Amino acid sequence: KTKPPIRVVKRKPSKAPKGTIFNEGILNGLVLEASIASPYWVSKNLTTWYSSMDWRFSFTTPFYYHWGSMMIGFTLEWSSYDFENTFPEGGRFQGQAILGYVTGYWRGLNMELGGGKFRDTAGAIVGFSGKILEGNHLYLAGGIRGVSIQNIQTIGQGHWADGRLTLGYKF
């Protein structure tokens, strides 16, 4: 006996509920992601600070908008950061961040713009990523992101860019 071939069914986005703020959007499944990241560039005032591997968990809502040929979604993220200064004096800037950002999807490229709270200060992010491997629901992505922080202990404003590897699941 031969088994029948497995049929792959492509999901079609459904319209968002009528009478809500998402009237013009689509409902397309929520996305959960887990990432590891590490800074590869820092601003001049952070050059003597060592950085560690960071983690991130994010949740993208199932509501998307069309803006021209781009789809726009909303993402919430909980992440870590850790910098330690050993020269000329000790110090540590570490903790967890809560971020909210808009994610744009266009031709396989994801773009992020947003901000949030980094322990006792505010920060902003801008990033780009793309999928490396993709299955029906599970995917692996890589990307870069720039971070700008308003007030890091005694040095003031600081910036860094990090590379990341993401494992995601789209429901």
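**View 1. The linked charged side chains.** R56, E77, E112, R145, D162 and R164 are joined in a network of salt bridges, a salt bridge being a side-chain nitrogen of Lys or Arg within 4 Å of a carboxyl oxygen of Asp or Glu. By this rule, nine salt bridges are counted. The model is predicted, so that local features need pLDDT of at least 70 and side-chain atom pairs count only at pLDDT 80 or more, while totals for chains, interfaces and linings use all residues. Residues are numbered from 1 along each chain as its sequence is written, and side-chain values use heavy atoms, with hydrogens and water left out.

**View 2. The pair R145 and E77.** The salt bridge between R145 and E77 has its closest N and O atoms 2.8 Å apart. This pair links distant parts of the chain, since R145 belongs to strand β11 (residues 138–152) and E77 to strand β7 (residues 70–85), 68 residues apart; strands (E, at least two residues) and helices (H or I, at least four) are DSSP runs, numbered from the N terminus. R145 counts as buried at 3% relative accessibility, and E77 is buried with a relative accessible area of 5%, where buried means under 20% relative accessible area, exposed over 50%, and partly exposed in between (1.4 Å probe, protein chains only).

**View 3. The pair E112 and R164.** In the salt bridge that E112 forms with R164, the closest N and O atoms are 2.7 Å apart. Because E112 lies in strand β9 (residues 109–118) and R164 in strand β12 (residues 156–170), the pair ties together parts that are 52 residues apart in sequence. E112 is buried, with a relative accessible area of 7%, and R164 is likewise buried, at 9%.

**View 4. The pair K131 and E134.** Here the side chains of K131 and E134 meet in a salt bridge, at 3.3 Å from N to O. K131 counts as partly exposed, with 39% relative accessibility, whereas E134 counts as exposed, with 57%.

**View 5. The chain around these pairs.** The secondary structure of the chain comes to zero helices and twelve strands. Of the 171 residues in the chain, 37% are buried. Among contacts (heavy atoms within 4.5 Å) between residues at least 6 apart in sequence, 53% join residues at least 24 apart. The accessible surface of the chain, calculated by the Shrake-Rupley method with a 1.4 Å probe, comes to about 10600 Å², of which 63% belongs to carbon and sulfur atoms.
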